[in-house]
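Please go through this structure with me, one question at a time. I am new to it and would like plain answers.

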Amino acid sequence: MTDQFKRKHKEGNPVVAICYDFDKTLSPDDMQAQGFIQKVGYNVAEFWEESNRLARENGMDSNLAWMYLMITKAVGKTPMTKESLREYGSKVRLFPGVRHWFRRIREFGIKNNVIVEHYIISSGLREMIEGTPVGDEFTRIYASSFYFDENNIARWPAQAINYTGKTQFLFRIEKGVLDVNDPGVNDSFPPERIRVPFRNMIYIGDSDTDIPCMKLVNTNGGHSIGVFDATTQDKAKVWKMMREKRIRYFAPADYNNGSDLDALVKDIIKRTAMNERLEERHIRDLAEQQRNDP
């Protein structure tokens, strides 16, 4: 059964997986609030108020609630196709430097003998993220998505990712078992087969919905970074996450070359290169000692 899934395996150089939330991490606002909500006749606050009420009154997952509203409120107002959602995505604003960040950081990794891979782990919509100018920069986009019928119309949620559900994707990245339907993520992997140890993961997010992923990465030796909007300078959320030991670092959501975030991520990549050389040395020396024990 698992033979049908293509998996990634450990390579000669260490892999650093940088995992991002999307809304308010790579973009200043919720993606639905940058055109779609207005098109279906709501102001942003009203849409989220109705969505939250729907979830609360029906014991409903909050992501399923807004996805339901998107489908029902779009009728007669805007098409709900992959193409239209990607078109909305193309208009989503990005934080400074995001457009050139991913390639530049990959190239920095190559110079330091590290493979850098970028992943989205978001409760937002995959179809919209795919439509952004950076939609093709990611090894995988793990996000909520719709089932589309034979006429390419959104009919039902295909994937709804809430804040606790995000953590499964870190384990997929760890093992190289990237397909969402590959049950091999539950298999036991010996340490030498782990493709991306948690110590080589960076998680970048902005709020409470990222906390389970941040905590999982942190407690396993990785690096969690909280970002905040540099224009508002509102650091309340990142300060709270620091106090509660959810993140190790925080920085403005400025992805330009030479920014605080840029320097931090590059330092982590350089540290990873050194750590992995030492780890390989330790494994080699341990193996030699075990071979020569009486």
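Q: Where is Lys245 found?
A: This is a predicted model, in which local features need pLDDT of at least 70, side-chain atom pairs count only at pLDDT 80 or more, and totals for chains, interfaces and linings use all residues. Residues are numbered from 1 along each chain as its sequence is written, and side-chain values use heavy atoms, with hydrogens and water left out. Helices (H or I, at least four residues) and strands (E, at least two) are DSSP runs numbered from the N terminus. In those terms, Lys245 is in the loop between H9 and strand S7 (249-252).

Q: Is Lys245 buried or exposed?
A: Buried means under 20% relative accessible area, exposed over 50%, and partly exposed in between, with a 1.4 Å probe and protein chains only. Lys245 has 66% relative accessibility, so Lys245 counts as exposed.

Q: What is the phi of Lys245?
A: Most residues other than glycine have a negative phi. Lys245 is not a glycine, yet its phi is positive, at about 60 degrees.

Q: Which loop holds Gln233, and what is its relative accessible area?
A: Gln233 is a residue other than glycine with a positive phi, near 55 degrees. Its loop runs between strand S6 (223-228) and helix H9 (236-243). Gln233 counts as partly exposed because its relative accessible area is 42%.

Q: How many helices and strands does the protein chain have?
A: The C-alpha atoms of the protein chain fill a box of roughly 75 × 50 × 35 Å along the principal axes. The count for the protein chain is ten helices and seven strands.

Q: What is the radius of gyration of the protein chain?
A: The radius is taken over C-alpha atoms, and the globule rule is 2.2 Å times the number of residues to the power 0.38. For 294 residues, a compact globule would therefore be near 19 Å. The protein chain agrees with this, at 20 Å.

Q: Which residues touch the most other members of the largest nonpolar core?
A: A nonpolar core is a set of buried Ala, Val, Leu, Ile, Met, Phe, Trp, Tyr and Cys residues joined through side-chain atoms within 4.5 Å. The largest one has 55 residues, and those touching the most other members are Tyr20, Met70, Tyr255 and Val265. The largest share of this core, six residues, comes from helix H10 (residues 260-292).

Q: Is Lys266 buried or exposed, and what does it touch?
A: Lys266 lies in helix H10. With a relative accessible area of 16%, Lys266 is buried. Contact means heavy atoms within 4.5 Å. Leaving aside neighbours within four places in sequence, Lys266 is in contact with Arg104, Ile105, Phe108 and Asn257.

Q: In which strand is Leu125 found, and what is its relative accessibility?
A: Leu125 belongs to strand S2 (residues 115-125). Not counting residues up to four places away in sequence, its contacts include Met31, Trp66, Met70 and Phe146. Leu125 counts as buried because its relative accessibility is 0%.

Q: How far apart in space are Phe146 and Asp293?
A: Phe146 is found in strand S3 (residues 140-148) and is buried, with a relative accessible area of 3%. Among the residues that Phe146 touches are Leu125, Ala154 and Trp156. Phe146 and Asp293 are 147 residues apart in sequence, and their C-alpha atoms are separated by 58 Å.

Q: What separates the C-alpha atoms of Arg195 and Glu174?
A: Arg195 lies in the loop between helix H7 (167-175) and strand S5 (201-205). Arg195 is buried, at a relative accessible area of 4%, and touches Glu174, among others including Lys8, Glu117 and Tyr119. Arg195 and Glu174 are 21 residues apart along the chain, and their C-alpha atoms are separated by 5.8 Å.
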